[in-house]
Protein chains: 2
Amino acid sequence: MAQRKSFESMPCPIARSLERVGEWWSMLILRDAYYGMTRFDEFQKSLGIAPNILKRRLDGLVDAGLMVRRAYSDKPLRHEYVLTPCGHDFRPVLLLLMDWGNKHFAREGNVIHLADEQTGRTIEPVLTDALSGERIDSSRHVVVAGPAANERIRARLAAGQERRRQHLESLPHHVPEFHP
Amino acid sequence: MAQRKSFESMPCPIARSLERVGEWWSMLILRDAYYGMTRFDEFQKSLGIAPNILKRRLDGLVDAGLMVRRAYSDKPLRHEYVLTPCGHDFRPVLLLLMDWGNKHFAREGNVIHLADEQTGRTIEPVLTDALSGERIDSSRHVVVAGPAANERIRARLAAGQERRRQHLESLPHHVPEFHP
């Protein structure tokens, strides 16, 4: 496996999340776990992945606290991989990845989608503000520094804010009109 | 770089999404693009990434349709990387990754969070059903086969359903009570 820089030392929560689930294959393993799979052979069959890589990724998800490895049979001793509450909490991220994939890359139509189990109605998942119920909107809901932000994070936010301002000024409606 | 199996041949929309954004670094580049960054040097400074890797990832995001490369200066010729509508559409995924990271791995407190730009109020992003406004709930909202599902997808869904049934039966409340 190629050596790669760890994101663990980065305080950004997106980097910390990716440190745990950002390896190639990890999110597809989680997808299959949400489908209900728990056993090594099930994951391997579903993914068509080399056993040594699958083992490494499953162990990584266990180390990261998203799954636990537990015995489901004594004779012979067999283990399965079960989602923890932290692992279950990740499901909405995959549902949005699915929805984004369906919107942009499903050239043959949707192969899977979210539905109400009882009625079968197709569900469109959207991100909303828990308090008001309004849709999250990038022009209104922005990422800001929290209480634990360090100088690097504050500099990144400030740099971004300055660049957004420049970008807005460069848009056509900021260009002075031409009066011949 | 290590050779890795492409997810492109997989019809699953989660796999197709990860084929485009699942490389190490890609989502952190997108994060910085949402902050407002567009220039190579800005990304490099923010991420502390090797220039050859950054170039490869940016080109990958362009090839995948999430960014466009365009000139912002003629003399000297300089390019910047700007999000496309498809790239902008990915933002909710990163907001949920941020929220999940804040909930589970922010041991020093939150360094960033979502807020209302006007009022400063902290926003908790939640995934809801666009039609009813109800929160997405794994016991009720399930992933099902769509019109373009192939046999492999149907088999995976069926295997998962069977395993969920077995799992429920193995839970304590399904064990017959012990009467001495």
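Predicted model: local features only at pLDDT ≥ 70, side-chain atom pairs only at ≥ 80, totals over all residues.
Local features need pLDDT of at least 70 and side-chain atom pairs count only at pLDDT 80 or more, while totals for chains, interfaces and linings use all residues. Residues are numbered from 1 along each chain as its sequence is written, and side-chain values use heavy atoms, without hydrogens and water.

**View 1. The interface of chain A and chain B.** Chain A gives 103 residues to the contact and chain B gives 104 residues (contact: heavy atoms within 4.5 Å). About 9,500 Å² is buried between the two chains, 63% of it from carbon and sulfur atoms (accessible area, 1.4 Å probe, lost by two parts on being put together, summed over both).

**View 2. A salt bridge between the chains.** A:R107 pairs with B:E8, with the closest N and O atoms 3.3 Å apart. Between chain A and chain B the count is 14 salt bridges (side-chain nitrogen of Lys or Arg within 4 Å of a carboxyl oxygen of Asp or Glu). On the side of chain A that touches chain B, helix α6 (residues 91-105) supplies the largest share, 13 residues (helices are DSSP runs of H or I, at least four residues; strands are runs of E, at least two; both are numbered from the N terminus).

View 3. Strand β3 (residues 112-116) of chain A and strand β5 (residues 141-145) of chain B run antiparallel and are joined by five bridges (pairing needs at least two DSSP bridges). A:A115 lies opposite B:V142 in β5(B).

Methods. Chains lettered and ligands numbered in written order.
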